[in-house]
Each structure stands twice: as C-alpha cells, then as structure tokens.
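User: I am new to reading protein models. Could you take me through one, a question at a time?

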Amino acid sequence: MENAGGANGNQWGFKANEELKTASGITVRGVLNSLLENLNKNDTRPLIPLGHGDPSAFPSFRTASVAVDAIVHSVRSARFNCYSSTVGILPARRAIADYLNRDLPYKLSPDDVYLTLGCTQAIEVILTVLARPGANILLPRPGFPYYEARATHSHLEVRHFDLLPAKGWEVDLDAVEALADENTVALVIINPGNPCGNVYTYQHLQKIAETAKKLGIMVIADEVYDHLAFGNTPFVPMGVFGSIVPVLTLGSISKRWIVPGWRLGWLVTSDPNGILQDSGVAFFHSISPNMRMGDYLVLSESVYTTVVSLQQ
Ligand SMILES: Cc1ncc(COP(=O)(O)O)c(C=O)c1O
C-alpha cells in the first residue's frame, strides 16, 4: 500500500476529530461553504452574495478614515511589534470602558475589559471557562449558531429556549425557568438580535435579569450589534442591570465600524457587586498570549483612537 505508514507500516496514527466536524457543520459559514462546494462549476452566471454584509465586496461600506489613519500610524510607529499582556493593552481597554460607560449607571474600569480576537473569541473564551463537567447553558432559538458549535466543542450541554415572534422575539422566560437546573451556568441573549433583528425594551431586559438572578445564573449579552438598532426601541445595554445579576457583555468593532476583518473584540464583566470575582471566574486565564499577533496589538491601540474619535 503506497500510503501506509505508522509504527507497523499499516496505518497512520492520526485522524480527524469527528466532533469538530459536527461543530463546524452547524456554523453559518459551514453551511455557506457546503452550498458553495455544491454549485455547478460549469454555470458561469455571477454569484450575488445576499447572506452576509461584506465591506470589501460592497464599496459603499467604508469605515471612517480616522480609523484607517490610526492603523497606518500604529504600523509605522513600530511600537506594537511586540507581545501584549494576555488581557490587552491599557489604552485600548480604557477606551472600551469609556465607550460602554456612556450608557451605564455605574463606571466600568479598564480591569473589567478583556480584549479578544473579535467577538468570536470572546464567545470561545466564555464557553471554555464555563464548561465544567455536567454544566449546561441556555441558548436562544433562533440564534447565532457559533454558540452551539463552540459549546459542542467544549462539551457544554446546550438547552434551547424559544424567542417569541408574536412578542417581538422576546425571550420565553417561562421556558427559561423550566429548562434551568442546578447545573445551568448562564443564559445567552443577542441584542440587537441576530437573526431576528429584535431590540429588547428596558422592561424586558430587566425581567431577564430578575429571572437569571432567581435561577442563580449569569447573563451573557452578545451586543456585537450594539446601537445598530432598527425601529423605535432604543438599544439598552444589558450591563445596565449588572447590579441585579452578573452580566458578561461581548462586543467588537466588526459591525458598527464595518471592519470585521480587523478582528478586534472585547469581553466585559458588568458586575458592580463583584459576584464573578467572588466565584473565581477569571476569563483572561484562558486567552492564550500566543494568539496575540503584532497586528492585533496595533489594532488594540487603534481602537482607542477610533472609538474616541468617532464619539466626538
Ligand atoms: C450575534 C453575533 N455574535 C458574534 C459575531 C462575531 O463577531 P466578530 O466578527 O466580531 O467575531 C457575529 C457575527 O456575525 C454575530 O452575528
């Protein structure tokens, strides 16, 4: 056999992890890839990508020139060709705290902010940290499939609660109460919502916080679309209710600043009562310092300039 190998010459000792294949198969990009793979290669008609907003494919989507200038300046300065601390550099963390503090009734400190490689890595970090044996997490249906993929990867049991179309895709809080047990660690909300576009009212968010407190679980608030709110309901960050229940806020510059390729996100603990601290949850331990490339450092500095400039 030409391809035989391994110690006895019959087989190789490595093969693919089937669990990972299952996990990647349920991501949006996984579905898109399998659709693209199955296209008729002889069909020459052009493809129109309707499924995702790609700022490089559509020239009308450009970020602010101040953001581009900040990147160029940072690269030229050669000040960011080094490794970072695991949590990200201070000016960037301070800028993100300042940005979020504009909408909060208390003040976040830079120490509440952890920089990540896009919101995607913030999801990975959280689910990795929370996945102790036997634990389960409550996810919205419909939702953003990366949560399911990542939970599968971390052996974290997923339990779905429905979003209610007749109520503006609000969380079915009765279902949440029925699903939760002593092994439930968190409830995830996506607000503004993907894929439904819902924007939750202050009152509904407060009810979510009170339900989570009653169940003794934290709220993970994916706010990657913060302030991209359509309709009349203004965006209210879940962190507003951080004194009721610990909230982990996830965000990034991908959507609002239209630069998903820059891969800069954050994970923020909105927990003025210090409950997460008391329970020993420390997310930065699971962020590998080796994942921080030089360009990522540059972007960390640039978000400082970008966020500050855009809010003036
Ligand atoms: C709900 C939701 N969370 C997270 C992400 C990932 O964001 P990022 O590009 O910053 O990694 C997306 C991207 O589409 C999303 O829709």
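Analyst: In strand 6, V219 is the bridge partner of L187. This is a predicted model, in which local features need pLDDT of at least 70, side-chain atom pairs count only at pLDDT 80 or more, and totals for chains, interfaces and linings use all residues. Residues are numbered from 1 along each chain as its sequence is written.

User: How many bridges join strand 5 to strand 6?

Analyst: Strands here are DSSP runs of E with at least two residues, and helices are runs of H or I with at least four, both numbered from the N terminus. Two strands pair if DSSP finds at least two bridges between them. Strand 5 and strand 6 (residues 218–222) run parallel, and the number of bridges joining them is five.

User: Which residue of strand 5 is the bridge partner of N136?

Analyst: Strand 2 (residues 136–141) also pairs with strand 5 in the parallel sense, over three bridges. In strand 5, the partner of N136 is T184.

User: Is strand 5 largely enclosed or exposed?

Analyst: A residue is buried if 20 or more other C-beta atoms, placed from the backbone, lie within 10 Å of its own, exposed if 12 or fewer do, and partly exposed in between. Seven of the seven residues of strand 5 (residues 184–190) are buried, so the rest of the structure leaves this strand largely enclosed.

User: Which helix gives the most to the shell around the ligand?

Analyst: The residues surrounding the ligand include G118, C119 and T120, along with I190 and D222. With three residues, the helix that gives the most to this shell is helix 5 (residues 118–130).

Note on methods. A residue is near a molecule or strand if its C-beta atom, placed from the backbone, lies within 6 Å of it.
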